[in-house]
Amino acid sequence: MTSLIRRILTAAGPLLALLVVIAFFAIADAAQGFEGRFLTSGSARLVGLQSVKIGIAALGMTMIIIAGGIDLSAGTAAALCGCTAAWTLQQGGGIAAAFAVAIATGMLCGCVNGSLVSLLRLVPFIITLGTMTVFMGLGKTIADEGGTITPPVESIPDWLVSMVTQFPEPEWIAYPILPNFCWGVWLWLVLAAGVSFLLHRTVLGRHLYAIGSNESTARLCGVPVVRTKLLVYSLAGCLVGLAGMVDLARMGKGDASAGMGLELEIIAAVVIGGGSLSGGRGSVIGTICGVLIMGVINHGCTALGLENQVENILLGAIIITAVYVDRLRNQN
């Protein structure tokens, strides 16, 4: 019974942490006379749209971390995908072609990372640290002076812009039962359901957990380690390509420097959600909670008029706590 309770608490930990963070800012807002209007549907919509880009990329990072890897190049790869999509529109290509180019670019970036990690058997941290710089350099090469590339305004359709708008029209499904989220949030949730199915209902998912738990044992058991790593990095790259399209929808341009520091937020979301940097542990639900915790802290600090430093301190403390909890679990 004790083991069952411990497992339930472990699985529900990220959700409980999210509720605690929401309660903390709700109480702080009430103490200020509800001036920040924290507990409103508008706040929920804002947190949702701000979470779309990190949330989509974090789904891929969840798979990589479960397999015992890491990808420090995810941020600059997303920026590169945004630049190639913007370049496609600038050259007269349609929005469908821009989507295809962005996803293909992301998949190629992931394939490069997966190949180097699996074939050379080097530490993923070092490999992706190098490709992080390479991808940013490629983005700047494609972009104009200043590192940005701006396609004609008319080439970006309104439906793409509404992907990350706070007040979407038409009103999407579930409204008014749920806040009227932009369609980017629904896309994120659909992708999350797909990744969760892959992790828990497919052979590939079982292989990822096996490799992350003990790569040598997995290899002896006949798991195709090289092919699996190559595949998971490529799939994660496709999601990074979609994250790059979110950038294009939000800014209306490709910016080669837009991904600097983004990789840390993506990795932090997975770790806060219970993903283990040692591999073998992580979940889609946990990652969603991790992304939302970061979004709530960001919006809560802004609503209450707190300095940016307070947000940084809170996030850092939560990340350290999450890593420490992961260490305790590994010891047990």
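Residues are numbered from 1 along each chain as its sequence is written, and side-chain values use heavy atoms, with hydrogens and water left out. Because the model is predicted, local features need pLDDT of at least 70 and side-chain atom pairs count only at pLDDT 80 or more, while totals for chains, interfaces and linings use all residues.

According to an unreviewed UniProt entry, the feature "transmembrane region" falls at residues 54-87, 94-116, 122-139, 181-199, 230-249 and 284-306; such annotations, given in the numbering used here and with shortened feature names, may be inferred rather than shown by experiment. In the model, residues 122-139 are 89% helix and 0% strand, with end C-alpha atoms 25 Å apart, and residues 181-199 are 89% helix and 0% strand, with end C-alpha atoms 26 Å apart. Helices here are DSSP runs of H or I of at least four residues, strands are runs of E of at least two, and both are numbered from the N terminus.

Ser73 sits in the loop between H2 and helix H3 (74-90) and, at 0% relative accessibility, counts as buried. Its side chain makes a polar contact of 2.9 Å with the side chain of Asn113; a polar contact is a pair of N or O atoms within 3.5 Å, of which, within protein, one must be able to donate a hydrogen and the other to accept it, and residues adjacent in sequence count only if both atoms are side-chain atoms. Leaving aside neighbours within four places in sequence, Ser73 is in contact with Asn113, Thr128, Thr131, Met132 and Phe135.

Arg121, in the loop between H4 and helix H5 (124-142), counts as exposed at 60% relative accessibility, and its phi is near 55°, a positive value in a residue other than glycine. Asp247, in helix H10, counts as buried at 2%, and touches Lys53, Gly252, Lys253 and Ala258, not counting residues up to four places away in sequence.

On a 1 Å grid over the protein atoms alone, a cavity is a set of points where a 1.4 Å probe fits but cannot get out, whereas a pocket is an open set with protein on both sides within 12 Å along at least five of seven lines, and lining residues have an atom within 4 Å of a point. Grid points are joined across faces, edges and corners, and a volume is the space filled by probe spheres set on the points. The count comes to 2 cavities of 30 Å³ or more, and the largest cavity holds about 50 Å³. Of its 13 lining residues, Asp71, Gly110, Asn113, Gly237 and Val240 are the closest to its centre, and H4 and H10 are the elements that give two or more residues to that lining. The second largest pocket has a volume of about 560 Å³.

Methods. Buried means under 20% relative accessible area, exposed over 50%, partly exposed in between (1.4 Å probe, protein chains only). Contact means heavy atoms within 4.5 Å.
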